[in-house]
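Please look over the sequence and the structure shown here before reading the notes that come after them.

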Amino acid sequence: TKSSLLMTDYDVFLYDFSGNLLTYSNSYQDVVDILTYTATKSGYYYMKIYQCSNRVDPVETLGYAYSVN
């Protein structure tokens with residue numbers, strides 16, 4: 001039976017418009033990475049998601065969600 005857990009490990013990084021790293025999440029024991037960041041100014045922000053392991057499930061689907069308050 002195939003496990004329902006995702007096998008691929010990802011890291012998530014948040015950058016400001018100038019490319020400065022603001023925060024990141026690099027959980028390696030869990031398949032859920034959570035970022036929390038309170039913006040100090042308005043503008044564009046970029047989220048980058050990197051695969052960071054050799055554990056890859058070829059039928060896995062990556063999903064993400066975000067909230068702006």
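Predicted model: local features only at pLDDT ≥ 70, side-chain atom pairs only at ≥ 80, totals over all residues.

Residues are numbered from 1 along each chain as its sequence is written, and side-chain values use heavy atoms, with hydrogens and water left out. The protein chain has zero helices and three strands, where helices (H or I, at least four residues) and strands (E, at least two) are DSSP runs numbered from the N terminus. Along the sequence, the pattern of the protein chain reads β-β-β.

**The chain as a whole**

- Of the 69 residues of the protein chain, 20% count as buried; buried means under 20% relative accessible area, exposed means over 50%, and partly exposed lies in between, with a 1.4 Å probe and protein chains only.
- The protein chain exposes about 5,900 Å², and carbon and sulfur atoms supply 53% of that area, as computed by the Shrake-Rupley method with a 1.4 Å probe.
- Among contacts in the protein chain between residues at least 6 apart in sequence, 54% join residues at least 24 apart, a contact being heavy atoms within 4.5 Å.

- The three strands form an open sheet with the order 2-1-3 and antiparallel pairing, where two strands pair if DSSP finds at least two bridges between them.
- Strand 2 and strand 3 stand at the edges with a single partner strand each, so one side of each has no neighbour in the sheet.
- From one strand to the next the twist averages 20°, with axes taken as lines fitted to C-alpha atoms and angles running from 0 to 180 degrees between N-to-C directions.
- Strand 1 and strand 3 run antiparallel and are joined by seven bridges; the partner of Leu14 in strand 3 is Met47, and that of Tyr15 is Tyr46.
- Strand 1 and strand 2 also run antiparallel, joined by four bridges, and here the bridge partner of Leu14 in strand 2 is Thr23.
- These two strands, strand 1 and strand 2, form a hairpin with four residues between them, and Gly19 in the turn has a positive phi of about 90°.

- Strand 1 is mostly covered, since seven of its seven residues are buried.
- In a regular strand the side chains alternate between the two faces of the sheet.
- In strand 1, Tyr10, Val12, Leu14 and Asp16 point one way, whereas Asp11, Phe13 and Tyr15 point the other way, and all are buried.
- Asp11 is found in strand 1 and counts as buried at 13% relative accessibility; leaving out residues up to four places away in sequence, Asp11 touches Ser25, Asn26, Ser27, Asp33, Lys48, Ile49, Tyr50 and Cys52.
- Leu21 lies in strand 2 and is partly exposed, with a relative accessible area of 42%; apart from neighbours within four places in sequence, Leu21 is in contact with Phe13, Leu14 and Tyr15.

**Aromatic rings**

- A search of the whole structure finds four aromatic pairs, where rings of Phe, Tyr and Trp (its six-membered ring) pair if their centres lie within 6.5 Å, and planes under 30 degrees apart count as stacked, over 60 as edge-to-face and the rest as tilted.
- The rings of Phe13 and Tyr50 have centres 5.6 Å apart and planes at 70°, so this pair is edge-to-face.
- Phe13 lies in strand 1 (residues 10-16) and Tyr50 in strand 3 (residues 45-51), so the pair ties together parts that are 37 residues apart in sequence.
- Phe13 is buried, with a relative accessible area of 17%, whereas Tyr50 is partly exposed at 38%.
- Phe17 and Tyr44 form a tilted pair, 6.2 Å centre to centre with 40° between the planes, and both residues are exposed.
- Ring pairs link Phe13, Tyr24 and Tyr50 into a cluster.
- Lys48 lies over the face of Tyr15, at 5.1 Å from the ring centre; a charge sits over a ring if NZ of Lys or CZ of Arg is within 6 Å of the ring centre and within 35 degrees of the ring normal.
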